[in-house]
Amino acid sequence: MGALRAHGIAATLPAGWDGRISVRRDGIPDQLVAASGTRVLAARSRPVVHLANFGLPADRGDFGSGAVELMGDGDVFVVLFEHEPEASAAALFRAAGLPRTLTARDFDPTTLRRGIAGQSGHQAFFHEPGRAFCLYVVLGSHARRARLVPEVNRVLATVTFAPSPAK
Amino acid sequence: MTALVVTLAVVVALLVLLVVSLLRSHAEILRTLHDAGLGHEADDSTTARRAATSQVAPNGPPSGPSPEARDISGVTPDGDAVAVGILGSPTPTLLSFLSSGCLTCREFWEAFGDPRLEVPGDARLVVVTMSPEDESVSALRRLVPEQTLVVMSTAAWEAYEVAGAPYFAYVDGMSGAVVGEGTASNWDRVRDMVNESVDDGALASSRRRSAARKTRAARRHLADREREARADDALLAAGISPGDARLYPATGGPVEPDPDPS
């Protein structure tokens, strides 16, 4: 089993799973005031988590472009994308907590950000204390969703969040 | 005068004795360290010797049987948390255990930066260094080519029983076995090592063994289920159904778990 822990997010992966918790620096800039009084802008860093039961390619987008094209029928790909903390108060993120028990009915081929024939997707927005996230899941085969969704749930059950990201 | 010459001769003899004993002591220390596998870099002659004798799975590494394959996890030089799934993967994995300080490793760091690099055995290349507390992160950042997956994990070195860099393990995720391993002084040697393990049938035989293990386990499972069904049929034929008090001679019936043990 692989254990991942970084930026206030942790997950325990089943055997054979790939995972990565990285930070992206494309957030809304923070205005910082230097000791000299100079005002500077610095991009906020926000984590993005990729979990997959296949080998993740090095070159891939936040929502899996570059990876989803490689998926086979039995593959699943999970993204946890953190938004600005202020977003946790927005209506879009009002659902409390990561949804951990997805069902086959939650998946729809039209939910895919990058429509690939045969695949299926699910997207959900939620908040953990002080943090706002998007969960995005891609299944390699919509037809096999009844078999693949439990795989996803098995991993989601292990994900934990710290109230605020580790500095 | 004679006394002076004799004294000088004695002093010179003592000094010679001292130097000889120091050299012997030094040699002992070096031999002990070598036997213990310490030191991150084997010199070229050692590398060549090990490469020539410890390449592929059928014989395994010189120190004993190959370790079982395991998934690995750690951090990247950029501080990302990373896990690499090896077990069950249909694509074999070539683990390259390197360090930033090992001179022989330089050639591999440079080779991995070549976009035309062909990884032998259709494998996925994963570089494994020691954890940040045992490795220079800043030096690694200068060495690691873009797009190369690097996992910093001392635990992975221990799991694969790696004593020094460079070291390579060709792992078959389907059978969960290390089918080829050893050290090498250049990428061509690694390619030979992996190709030999594939050509020698180590990969195929590893998968056959794995399939045979699964078949035996499935047969055992089926046999257990059949035995259980036969026992149930015999009990039912004797008029004993589930929950029958005769099945629980000590208690007179099935014991319900206490919902509140406190």
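Trainee: How many residue pairs are in polar contact across the interface of chain A and chain B?

Mentor: In this predicted model, the rule finds eight residue pairs in polar contact across that interface, with both residues of each pair at pLDDT 80 or more.

Trainee: Which elements of chain A give two or more residues to the side that touches chain B?

Mentor: Those elements are β1 (2–6) and β3 (18–24) of chain A, and β3(A) supplies the largest share, namely six residues. By kind, the residues on this side of chain A divide into eleven nonpolar, six polar and four charged.

Trainee: What makes R124(B) and D18(A) a salt bridge?

Mentor: The closest N and O atoms of R124(B) and D18(A) are 2.4 Å apart, and the cut-off for a side-chain nitrogen of Arg and a carboxyl oxygen of Asp is 4 Å, so the pair is called a salt bridge. The count between chain A and chain B is two salt bridges.

Trainee: How much area is buried between the two chains, and which residues of chain A lose the most area?

Mentor: About 1,200 Å² is buried between chain A and chain B, with carbon and sulfur atoms giving 45% of that area. In chain A, the residues that lose the most area to chain B are G16(A), D18(A) and R20(A), which together account for 34% of what that side buries. The contact itself takes 21 residues from chain A and 15 residues from chain B.

Trainee: Why is the link between C102(B) and C105(B) called a disulfide?

Mentor: The sulfur atoms of C102(B) and C105(B) are 2.2 Å apart, and the cut-off for a pair of cysteine sulfur atoms is 2.5 Å, so the two cysteines are counted as a disulfide. The structure holds one disulfide over all chains, and the link of C102(B) and C105(B) is right-handed, with 95° about the S-S bond.

Trainee: How do you know whether C102(B) and C105(B) are buried or exposed?

Mentor: A residue is called buried when its relative accessible area is under 20%. C102(B) has 1% relative accessibility and therefore counts as buried, and C105(B), with a relative accessible area of 0%, is buried too. In chain A, C134(A) is buried because its relative accessible area is 1%.

Trainee: What share of chain B is buried, and how many helices and strands are there in that chain?

Mentor: Buried residues make up 38% of the 262 residues in chain B, and the chain has seven helices and seven strands. From the N terminus on, its elements run α-α-β-β-β-α-β-α-β-α-β-β-α-α.

Note on methods
Residues numbered from 1 in each chain as written. Chains lettered and ligands numbered in written order. Predicted model: local features only at pLDDT ≥ 70, side-chain atom pairs only at ≥ 80, totals over all residues. Heavy atoms only, no water. Buried < 20%, exposed > 50% of the residue type's maximum accessible area, 1.4 Å probe, protein only. Contact = heavy atoms within 4.5 Å. Buried area = accessible area lost by both parts, 1.4 Å probe. Polar contact = N/O pair within 3.5 Å; in protein donor to acceptor, adjacent residues only side chain to side chain. Helix = DSSP H or I, 4+ residues; strand = E, 2+ residues; numbered from the N terminus. Nonpolar A, V, L, I, M, F, W, Y, C, P; charged D, E, K, R; others polar.
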